[in-house]
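Hi,

Here is the structure I promised to pass on. Please have a look, then read the notes below.

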Amino acid sequence: MDLFLAYQSLIAFVGINGLLALSVYATLCCGQLSLANAGFMAIGAYTGALITQHARGVPFVAVLAASALLPAIIAVPLGLPVLRLRGVFLAIATIGFGEMVRLFFVNWDYTNGALGLVAIPQRTHLWTIFLALAGALYLLGRLRGSRAGYALEAIREDETAARTMGIDTTAHKLAMFVLGAAIAGVAGALEAHLTFMVAPSGYGFGRVVDMLVQAVVGGTAAFFGPVIGAAFLTVLPEVLREAGARLGFAPGPFRLFLNGAILLVVILFLPNGLVSLLRRRRAA
Amino acid sequence: MGQQALNGVFVGSIYALFAVGYTLVFGVLDILNLAHQAVFMLAAFAALLLVADAHLPLWAAMPLAVLFAGLLGILLERLAFRPLRGRADSNISGLISSLAMGTVFEAIALQIFGPDTSRFPHGTFPDRLIRIGGASASLLQLCIIAISVVLMALLTLLLARTRLGRQIRAVAESPRAARILGVNVDRVIAAAFFISSSLGGAAGVLFALAFNSISPDVGRSVELKGLAVIILGGMGSIPGAVIAGFALGLIEVFTVAGFGSSYRDAVSFAVLFVVLLARPRGLLGQAAAREA
Amino acid sequence: MTLALQSVSRSFGGVRAVEDATFTVEKGEVHGLIGPNGAGKTTLVNLISGLLQPTQGEIALEGQRIDRLPAHRIAARGVARTYQNIRLFAGLSAAGNVVVGEHLRRRAPLWPRLLLLPSARREERAAAQTALEALARVGLRERAGTAAANLSYGEQRRVEIARALASQPRVLLLDEPTAGMNPNEARNVARLVREVAREGRAVLLIEHNVRLVMELCDRITVLNFGRVIARGGPAEVTKDPAVITAYLGEAE
Ligand SMILES: Nc1ncnc2c1ncn2[C@@H]1O[C@H](COP(=O)(O)OP(=O)(O)OP(=O)(O)O)[C@@H](O)[C@H]1O
Ligand SMILES: [Mg+2]
């Protein structure tokens with residue numbers, strides 16, 4: 001029974017991390033490195049938790065919808081100015097946003113500051129997580145091959161040329177930024193109602209780095225790559241934990257080390273991520 | 001007032017020293033080296049080991065720790081940056097690979113030293129207070145300010161006057177042109193990393209001494225401050241980073257005095273945001289690249 | 001009158017890349033734009049397509065000003081272009097590039113795809129079909145599936161032309177479309193340019209190959225140091241003393 005419970009939570013985290021990796025992918029697939037998603041996740045998590053704690057009758061679907069909506073709404077006025085920035089400047093600005101959100105919650109007495117909210121009723125089930133994941137995958141998958149999907153690829157390849165093809169690059173980038181925010185918000189709410197708690201320390205820079213690492217390791221050339229990356233990097237440390245412990249590694253540093261080392265190997269030798277292994281296999 | 005200003009200059013000198021190294025690599029490679037904070041942290045731990053376990057005096061431990069940081073920089077360049085050179089998206093993939101190296105460094109520190117705060121043994125540095133006008137400062141604080149300023153002056157001299165400095169500037173301007181002029185670009189980039197990481201390491205040691213606390217995540221908060229500084233100063237601009245470092249230190253101290261300490265960190269992000277949106281080039285940054 | 005430039009100027013810091021340029025490009029016309037290196041030709045194309053804003057002057061398309069519009073809106077008005085230093089979407093196939101070029105003509109919203117409606121499939125197939133036809137027009141039908149990065153230089157230039165034509169533009173701006181092509185390829189491009197003009201589009205052609213310009217163009221505008229130094233039919237322009245000194249001056 002204990003064993004099953006342990007695996008159940010691992011599987012749940014595969015799903016949640018998959019959603020988060022997809023939320024980073026949403027902007028990455030049009031060439032924008034945005035690192036605001038830990039902030040959006042926090043907003044979604046707090047929104048969901050507050051609704052559940054203060055309005056008990058609200059169905060969970062509505063809670064999740066609110067957790068998607070609020071980050072999405074905030075993403076519009078944020079994205080409009082910030083998405084004009086290129087490359088590392090966008091990354092830096094969005095890191096700044098994420099930290100501001102975290103500091104906001106640290107200083108907000110209503111949500112107990114740095115301690116956060118506890119005893120949130122558990123309302124997330126495995127099937128809720130995987131339904132949300134399937135929904136996000138379906139949306140992003142259907143985007144490919146569509147008019148908008150081609151526009152996004154064009155923007156990723158050469159934004160200036162895309163503009164002279166008549167593509168409204170700002171609108172497309174903004175739409176994906178908002179979509180990413182919504183997905184991150186849902187993931188945040190799902191996690192909050194799974195682990196019973198939210199605290200600002202869970203939404204720091206390290207969290208968005210995890211999302212990015214998973215998306216890149218899985219590969220952003222295919223829409224399902226980030227989910228593969230998330231699954232791989234969530235499960236692997238657990239699988240190797242025994243071996244790591246035998247070598248004298250504590251679980252925390254061990255997971256961190258694996259994350260970093262695998263990311264390095266992937267970016268150097270498999271620029272298109274783990275999914276390119278699948279492709280190669282199929283081509284051969 | 002005078003006391004606040006002194007504190008601001010003190011914090012600012014560390015920010016500036018950290019950011020100068022950050023911005024040097026950005027100026028040369030156009031890559032944000034997100035492992036800079038990990039080098040900062042490891043150098044602090046190295047100094048701690050040398051003082052606490054090897055019982056070296058601080059004046060000997062510090063240069064050794066700085067040298068160690070410089071060597072880490074060279075390692076970093078070899079493993080995370082050189083293999084990516086020439087790739088189309090190298091400024092994004094370089095950012096990611098430096099993140100990977102930073103994570104590995106952090107994991108190593110976490111494994112060796114644990115997540116808790118470590119401290120220098122008592123009496124590593126004599127505590128003595130010195131009064132300047134109406135303000136008082138510890139001898140340590142003054143030494144830190146002096147060391148930072150001297151190091152930044154040395155860097156400026158090195159860039160302006162030496163052959164290596166000219167070569168670094170040439171590579172920053174255009175690697176291709178520099179290569180045609182006979183500059184060994186790979187070697188110059190490695191040297192820039194050595195210098196950048198040494199300065200970051202020195203900032204780490206000074207920071208650890210100043211607050212007498214080191215943990216594997218000390219670099220994280222300084223990293224974010226450093227980002228604000230290099231944005232404010234203009235990416236790639238060394239004088240910009242120096243000025244902006246001191247400016248941020250002063251802004252922070254006066255914000256805390258005026259609005260309370262919960263706003264200390266928020267202010268650097270506010271600065272970062274406003275500058276990015278209003279003047280993305282920063283105070284002293286170069287013009288934007290051509291479009292088509 | 002299709003495209004009209006009125007006293008257009010653009011400077012970069014101290015450099016006056018284009019100064020006081022006035023000319024029109026009419027429907028059905030191939031209008032040559034020539035001049036020595038650095039004369040400001042590419043800058044003019046960037047100004048017309050909206051990648052740059054003029055510091056002075058007006059650009060109008062069929063009587064309506066376009067010089068303050070963002071680039072994608074100008075494209076939507078019917079201005080398409082190619083690039084002197086090829087800017088294909090390297091990761092996409094030749095056909096994919098052309099499909100992007102069709103962006104303005106496709107009106108399909110996303111929801112039919114999300115709901116798996118048959119109309120979405122139909123639309124997708126139609127887009128692929130038009131892309132193939134556009135590629136056939138530049139003689140690259142067999143290369144449709146090849147990644148743009150793996151095409152030869154001349155092939156890449158031709159895909160760029162197909163991509164620009166895919167939006168069925170009113171004005172086509174070609175920035176040195178035959179640079180780096182072999183004579184045979186260049187001849188085919190010349191034939192295509194004629195055809196395109198005959199369809200009633202306005203073509204602005206930047207070209208260093210003097211023979212080609214003389215053969216192809218109805219009218220020619222000559223730039224030097226950003227200024228228009230001569231204009232007229234091919235025969236007039238070649239005899240113009242200012243043009244001769246500009247080109248000879250460059251040769252020295
Ligand atoms: N974005 C820019 N920033 C600064 N200067 C520019 C820019 N674009 C063009 N210039 C300058 O403007 C002048 C005209 O350049 P342009 O590229 O328009 O010439 P061109 O006629 O297309 O030359 P070529 O035949 O070599 O293609 C040159 O002096 C060039 O250096
Ligand atoms: Mg040109």
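Buried means under 20% relative accessible area, exposed means over 50%, and partly exposed lies in between (1.4 Å probe, protein chains only). This is a predicted model: local features need pLDDT of at least 70, side-chain atom pairs count only at pLDDT 80 or more, and totals for chains, interfaces and linings use all residues. Residues are numbered from 1 along each chain as its sequence is written, chains are lettered from A and ligands numbered from 1 in the order in which they are written, and side-chain values use heavy atoms, with hydrogens and water left out.

Metal site. C:T42 (OG1) and C:Q84 (OE1) coordinate the magnesium ion (ligand 2), at 1.9 to 2.1 Å. Donors are N, O and S atoms within 2.8 Å of the metal (3.2 Å for Na, K and Ca); water is not among the atoms, so sites may look incomplete. C:T42 is partly exposed, at 23% relative accessible area. C:Q84 is partly exposed too, at 31%.

Chains A and B. Each chain gives 40 residues to the contact, meaning heavy atoms within 4.5 Å. About 3,500 Å² is buried between chain A and chain B, and carbon and sulfur atoms give 81% of that. Buried area is the accessible area (1.4 Å probe) that two parts lose on being put together, summed over both.

Best wishes
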